Amino acid sequence: MNGLSTILIVVGLFLLGGIYSFVKQQMPKGLIVLLSLGAAMCLAAGVLRLDAWA
C-alpha cells in the first residue's frame, strides 16, 4: 500500500513545482488556485495513507 502514497506525494510535489513556474510566468490566478488545490489534496492523501498503513 506504500506505493500509492509515494505516487501521491510525488504528484503533489510535481504540482507544487508547476505552481511556482506558473506564478513566475504570471499565468491566470484561477489555474494557479486549481493547481494549488490539486497539490494540497495529493500531498494530504499521500501523507494520510502513509500514517494509516505505517
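1. A word on ground rules. Residues are numbered from 1 along each chain as its sequence is written, and side-chain values use heavy atoms, with hydrogens and water left out. In this predicted model, local features need pLDDT of at least 70 and side-chain atom pairs count only at pLDDT 80 or more, while totals for chains, interfaces and linings use all residues.

2. Overall fold. The protein chain has 2 helices and 0 strands (DSSP runs numbered from the N terminus: helices are H or I, at least four residues; strands are E, at least two). Its radius of gyration is 13 Å, well over the 10 Å that the globule rule gives for 54 residues, so the chain is more spread out than a compact globule (the radius is taken over C-alpha atoms, and the rule is 2.2 Å times the number of residues to the power 0.38). Along the principal axes, the C-alpha atoms fill a box of roughly 40 × 15 × 10 Å.

3. Surface and burial. Of the 54 residues in the protein chain, 20% are buried (under 20% relative accessible area, with a 1.4 Å probe and protein chains only). The accessible surface comes to about 3900 Å², and 77% of that belongs to carbon and sulfur atoms (Shrake-Rupley method, 1.4 Å probe).

4. Helix α1. This helix has 23 residues and reaches 34 Å from its first C-alpha to its last, close to the 33 Å expected (1.5 Å times one less than its number of residues). Its buried residues are Ser5, Leu8, Gly12, Leu15 and Ile19. After α1 comes Gln26, with a positive phi near 55 degrees.

5. Ser5 up close. Ser5 lies in α1, which covers residues 2-24, and has a relative accessible area of 0%. Leaving aside residues up to four places away in sequence, Ser5 touches Gly46, Arg49 and Leu50 (contact means heavy atoms within 4.5 Å). Ser5 and Arg49 are 44 residues apart in sequence, yet 5.8 Å apart in space, C-alpha to C-alpha.

6. Contacts across the chain. Among contacts between residues at least 6 apart in sequence, 68% join residues at least 24 apart.

Notes: Buried means under 20% relative accessible area, exposed over 50%, partly exposed in between (1.4 Å probe, protein chains only).
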